[in-house]
Structure formats: C-alpha cells, structure tokens
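The following note sets out several points for a colleague who is examining this structure. Each point may be checked against the displayed coordinates.

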Amino acid sequence: MIIVVILILVAIIVLLMVYNMNIHKKIENFNNLNQKVINLNIVQDFMDTISKASTVEEKINQINNIIIERYQIKYSTIVVYDGTKYVVRASNVDEKHWETLSNLQSEEIFQESIQTSIPKYVTVENENERLPYQKMEFARAKCAMFLPLYIDNVYIGYWLLEGNQPHEFDHIDTTILEVIRNNIVAILRTVENQQIIESIVRDDKYSTLKTAEYLYGDGKKIIDQFTTSTVCMFRITNLEQINEEISRKTGDTVITKVCDLVKSSLSTDYLFVRYMGPKFAIVFSGIEKDSVKSFMEQIKMQVENIEVEPVDVEFEDTEEDIVAKPKINVVMSTYYKGTALEGVLKQLEEYLDKADKKENKISEL
C-alpha cells in the first residue's frame, strides 16, 4: 500500500514537473514574443522619427532619447566620424564629458572591439574605482558597454552605454543591443544624404539669400508646420540678355535689387532662396495659391518697374538712356506636408526652363 502511494506521489511530482516546464516554456516564448513586439515598436518609432524630425541632428537625438526611455538606460552616447574627427552626435551626458567620450577609439581597451566588431563590456568592482577611459570623473558611470558601428564593413564610430552601478550590465541581453545597434546604423545611413545637403547650404553673394539646399533641411522644419503650402518659383527671363548686352556686373546688381525688393515684402514665415542661376524660389508656408497669386501680381509689377544703370560700362551718347529693366516669369504649385518638396520644385523648374523666353506671366500647376 505504501509503495502504491509513493508511486502515485512520484507520478504526481513528475506530472507537476512536466507541467511547470511547459508553463516555463510558454512564459519564455511569451517573453520572447513580447520582446520582439517591443523591438518592432521601437523600429517603428525610429522610422517615425526619420519622417517627422527635420534636421539630421534632431533625428539622431530623438533616436537616442527613444533608446534611453524604452530600454531604461542611464546614459547613451552616439559618436560618429565626420570626415575629419570623431564627434558626439547624440548624448544625454553633460557636455563637459564630451571630449573624453569622443576619443574612446584611441583607448587601448576598445581597440580589439573596433577590430572584431564585438561589443566590449567594462565595469568597476567598487565605488572607489574609475573606468579605464575616465579622466577626471568618478561618480557618473560605473560600467559601460562599447559597441562599434559600421557601414558596409567600414568603421564609422561607436555607441556607448553607461550605467551608474558596478556590474549593472552583467545580464543585459546583447541580442537586443545588436538589434538597436543595427537600427542606429540604418538611421545613420538613411540621414547621410540629408546631412550632405545641410552641410552645403551657402549664402549667395549677390542675392544674400540662402541656396536651395536650405529648403530640405532647416527650412523643411518651418514648412512642415503646416499641412499645405504654396511653392512659387520665378525666373528673371532677361538676365542673360542684360549680362551680354550691358555687363555682368549690371546683371549682378539687378539680382541684388530684385531680391531686396521681394525680401522686404515677405513675412519671416516665408522662405526665399536662390534656386539656381536666374531662378528663385519662395515657399509661402500655410498659404493658399489664390492669396499668393494676388501677392505675386503686385511683386511682379514692382520688380518690373526697377531700373538699373549700367555698371562698369560706358555707352556712346544716344537719344535714349540705356537701363536694365528685369522681367520675370512666375509659376506656382501646392506642396502637401509629407510629400516630396524636391519633386514640386523640379516640376516648377522644368516649366520655367521649357517656357518661351518671352513668356512673362503668372502660371499655376
């Protein structure tokens, strides 16, 4: 009888063990699924950031903030090589530490990690120690995870996680870190072209306007505060003729006077740039085409009343004084937030380039 009871108890224990193992496996699968959902949500957050934030700096900083918030990391720093030196692109660490954080590629302790692409984990054993790369600080960070970043097998920088407790990252899931690291690299690759555009924005010498690239960086931040805007482009149709028949300096003066007149009539909410050569673009943020058309009719009339005396050139006495009088051809279209601004501008440019050189009106596309 006792043996039967024992066998029953053993059987029950075995069944409970199997049941517990099954439950544990389900919980583990659920946790893995839950983590995958979290990772997918974070990837979605990253993609939303790319589409919503305007400048490259804003995008990278928002991505870093997402990492800190969603993974509850104390300190996160992204450092990238800009072509001349390593610079901190995003960090929630006080700026007084940035010089140290931007030179970790020189630290011997991280050299193997850079060469092998394997994350390097360092930690102190007690509160009186400091991490190998720390120069003057003790209390801020007590452990760190160094993850090198690569684009097409080319080392471009690193992502540094720091905790304020010794051994804080001992049990961190490195698989998750790899996912985040890959996402950071994907974001850096995505914004690379935008960064190039932002870096080549210049102030034009004669018009004193910013070049067209401004519209795709800082300018986009202003434009996308509104659902729709009107994009207008005009061409000084006789600028080449003025350059050839009078003088190039006279043509430059015409550009200056035309731009000064237009600029003085525009609200600071509207963006006015020199698009290319004799073409200029204005983005009327949040304004409908009907209102813009009446405004541009006034501007066109004022511009074509400008008279510029010849500069650095003399003509023989004639019955009629020679002056340069600009003529402009204007075209405009609607831009919708979230669509390709460059596509709208290209359409307007193509219209002006194909239009008859004698065309002198305001058109809508």
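Leaving aside neighbours within four places in sequence, which residues is F272 in contact with?

1. The structure is a predicted model. In it, F272 is in contact with L209, F234, C259, V262, K263, L266, F280, A281 and I282, once neighbours within four places in sequence are left aside.

2. F272 also belongs to the largest nonpolar core, which has 29 residues. Together with F234, V262, I282 and M296, F272 is among the residues that touch the most other members of this core. At least two residues of the core are supplied by each of β7 (228–236), α7 (239–245), α8 (248–265), β9 (279–285), α9 (289–303) and β10 (328–336). The most is given by α8, with 6 residues. Another core, of 24 residues, lies apart from this one, and its members include Y71, M145, I156 and F169.

3. The crossing of α8 past α9 is right-handed. On α8 the contact is made by V258, L261, V262 and S265, and on α9 by F295, I299, Q302 and V303. By class, the residues of this contact are 6 nonpolar, 2 polar and no charged.

4. For the protein chain overall, there are 10 helices and 11 strands. The chain has 365 residues, of which 43% count as buried. Among contacts in the protein chain with a separation of 6 or more, 64% are accounted for by residues 24 or more positions apart. The chain exposes about 20800 Å², and carbon and sulfur atoms supply 52% of that area.

5. D152 has a positive phi, near 50°, and lies in the loop between β4 (143–151) and β5 (154–163). D152 is exposed because its relative accessible area is 56%, and the cut-off for that class is over 50%. H167 likewise has a positive phi value, near 60°; its place is in the loop between β5 and α5 (174–199). With a relative accessible area of 32%, H167 is partly exposed.

6. I172 lies in the loop between β5 and α5. Its relative accessible area is 27%, so I172 is partly exposed. Not counting residues up to four places away in sequence, I172 touches M145 and L177. I172 and M145 are 27 residues apart along the chain, and their C-alpha atoms are separated by 9.9 Å. M145 is one of the residues of the 24-residue core named in point 2.

7. Is D94 buried, partly exposed or exposed? D94 counts as partly exposed because its relative accessibility is 45%, whereas buried would require under 20% and exposed over 50%. D94 is found in the loop between β2 (86–91) and α3 (98–101). From C-alpha to C-alpha, D94 and R140 are 10.0 Å apart in space, and they are 46 residues apart in sequence.

Definitions and conventions
Residues numbered from 1 in each chain as written. Predicted model: local features only at pLDDT ≥ 70, side-chain atom pairs only at ≥ 80, totals over all residues. Heavy atoms only, no water. Core = buried A, V, L, I, M, F, W, Y, C linked by side-chain atoms within 4.5 Å. Buried < 20%, exposed > 50% of the residue type's maximum accessible area, 1.4 Å probe, protein only. Helix = DSSP H or I, 4+ residues; strand = E, 2+ residues; numbered from the N terminus. Contact = heavy atoms within 4.5 Å. Left-handed = near helix turned anticlockwise from the far one by under 90°. Nonpolar A, V, L, I, M, F, W, Y, C, P; charged D, E, K, R; others polar. Areas by Shrake-Rupley, 256 points an atom, 1.4 Å probe, with all protein chains shown as cover.
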